[in-house]
Amino acid sequence: MADLPVSEAAGAATRALRWVAASAVPAEGGLAWPPTREPGEEPSDDLYYGAAGVLVAFAEARLSGITEFDGTARAAAGRLRHVAAATARALRAGDSAVLAGTGPALYSGVAGHAVALRIWADVTGDVEAADTAGDVAAAIAAAAAAGSRLSEFNDLLIGEAGILLVLLRLGRPEESRAAAVIADRLVALADWTDGGPAWRARESIGYEMPNFSHGAAGIGFALATAAVALERPDLLTVAQATGERLARLGARPDGTIAVPHSIPLRDPDAAISYGWCHGPCGTLRLFQLLEAADPGQGWADRADASRQAVRRSGLPARPYPGFWDNLGQCCGTAGVGEMALDYYQDTGQAAWLDWAGELAADVLARSTADADGVRWSHTEHRISLPELPPSAGWMQGAAGIAGWLLRLARVRRDAAARRLAWPDRPPGSDPVSPGAPAGTPASAG
């Protein structure tokens with residue numbers, strides 16, 4: 001990574017977070033973030049576009065020894081505490097409106113608020129944030145234990161699988177019954193018509209997206225997590241059958257595994273994606289978790305075959321319009337880079353750290369940098385003005401890209417650098433304990 005010094009990655013990330021901080025708007029309890037600065041954009045609190053994801057980026061900054069965003073981060077946490085407390089009260093009161101649509105989902109709802117608050121608390125020792133996160137998990141658990149369907153969707157991103165993960169990671173042991181209710185419901189909803197379990201994100205959707213964000217890989221990951229936490233071997237059996245089916249669907253002549261984006265294919269000209277949401281970077285997390293739960297059954301090989309599919313894809317090059325037009329955590333380069341850093345930290349294989357540096361150099365080359373800060377535009381080649389407005393949030397915007405660049409800089413300084421504890425990542429190095437030191441100061445550039 002000689003072409004991208006640690007100081008350059010950290011400096012660009014810091015300038016990007018300055019742009020993110022300046023994108024905030026006042027909201028009751030603190031600050032919220034519209035997805036972009038375009039006129040008419042409504043502010044958001046969620047983990048995907050809004051304040052929760054931005055707070056995670058500020059946690060990455062704090063973990064990197066950067067404190068200049070602490071005031072803005074506290075305002076984001078204040079907003080999330082305000083919204084989360086109100087939602088927890090509504091859940092306990094049985095307000096059915098809270099459960100409409102995606103409900104208290106991981107990336108679009110209050111479960112994600114709790115995750116962000118817990119991550120911030122783990123890095124900074126913020127007791128109020130930790131208490132609110134626990135209270136939200138308890139309120140969600142109470143609703144689930146009462147038999148309420150918590151989302152109209154099944155998947156990890158906006159459905160019950162993601163909510164299940166939050167209960168398992170943030171809930172108290174006595175709330176395990178609620179997690180079991182959700183896990184059993186997901187198993188009951190599986191469609192076994194082709195020899196393995198499949199799920200649509202919602203029953204009314206006429207096609208399957210089998211990878212991590214909206215399909216079987218993410219649901220299988222949640223069930224495997226529940227199997228270990230609840231000591232339920234029956235759930236592990238379903239998760240293993242899910243992995244077997246995905247490995248069959250994604251098997252390619254060169255020995256790699258890349259599961260199609262959709263079944264039946266929505267776009268035959270772009271059958272395979274490579275990112276976190278619909279590609280191997282997300283789906284291999286199921287294989288990793290299955291290897292940890294039941295070692296020696298070939299899951300590690302399948303995870304590696306998935307990694308190799310990404311490496312051989314040619315990204316981040318753009319061989320044709322539409323192949324690699326996204327730089328974010330969800331669909332793009334930052335999410336791929338997180339996978340590379342995970343594998344480097346798990347194995348010490350330096351080639352993956354070097355490749356993460358190559359990805360970062362490409363991301364920085366595609367940035368906009370001026371007096372306002374650093375940000376990125378994705379490209380949508382199918383529209384007349386293909387460069388999309390820059391986004392501030394975690395999954396599609398500058399917050400998530402900056403968070404990854406800061407992590408890259410930390411790992412370059414220290415291969416054992418702490419990583420944030422996300423509920424949808426296999427356990428790696430130990431999460432940061434509340435009150436732990438924030439780490440070595442990083443250059444602000």
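The radius of gyration is taken over C-alpha atoms, and the globule rule is 2.2 Å times the number of residues to the power 0.38. For 445 residues, that rule puts a compact globule near 22 Å; the protein has 20 Å, so the two agree. This is a predicted model, where local features need pLDDT of at least 70, side-chain atom pairs count only at pLDDT 80 or more, and totals for chains, interfaces and linings use all residues. Residues are numbered from 1 along each chain as its sequence is written, and side-chain values use heavy atoms, without hydrogens and water.

The C-alpha trace spans about 55 × 55 × 45 Å along its principal axes. The protein has 14 helices and four strands. These are DSSP runs (helices H or I, at least four residues; strands E, at least two), numbered from the N terminus. Of the 445 residues, 58% are buried, meaning under 20% relative accessible area with a 1.4 Å probe, protein chains only.

The largest nonpolar core holds 152 residues, and Tyr 107 and Trp 376 touch the most other members. Such a core is a set of buried Ala, Val, Leu, Ile, Met, Phe, Trp, Tyr and Cys residues joined through side-chain atoms within 4.5 Å. Beyond its neighbours within four places in sequence, Tyr 107 contacts residues including Asp 46, Leu 156, Trp 276 and Trp 422. Contact means heavy atoms within 4.5 Å.

Helix 10 is mostly covered, with ten of its 14 residues buried. Among them are Cys 281, Arg 285 and Phe 287. Their cover includes helix 8 (216-230) and helix 12 (333-347).

Conventions. Buried < 20%, exposed > 50% of the residue type's maximum accessible area, 1.4 Å probe, protein only.
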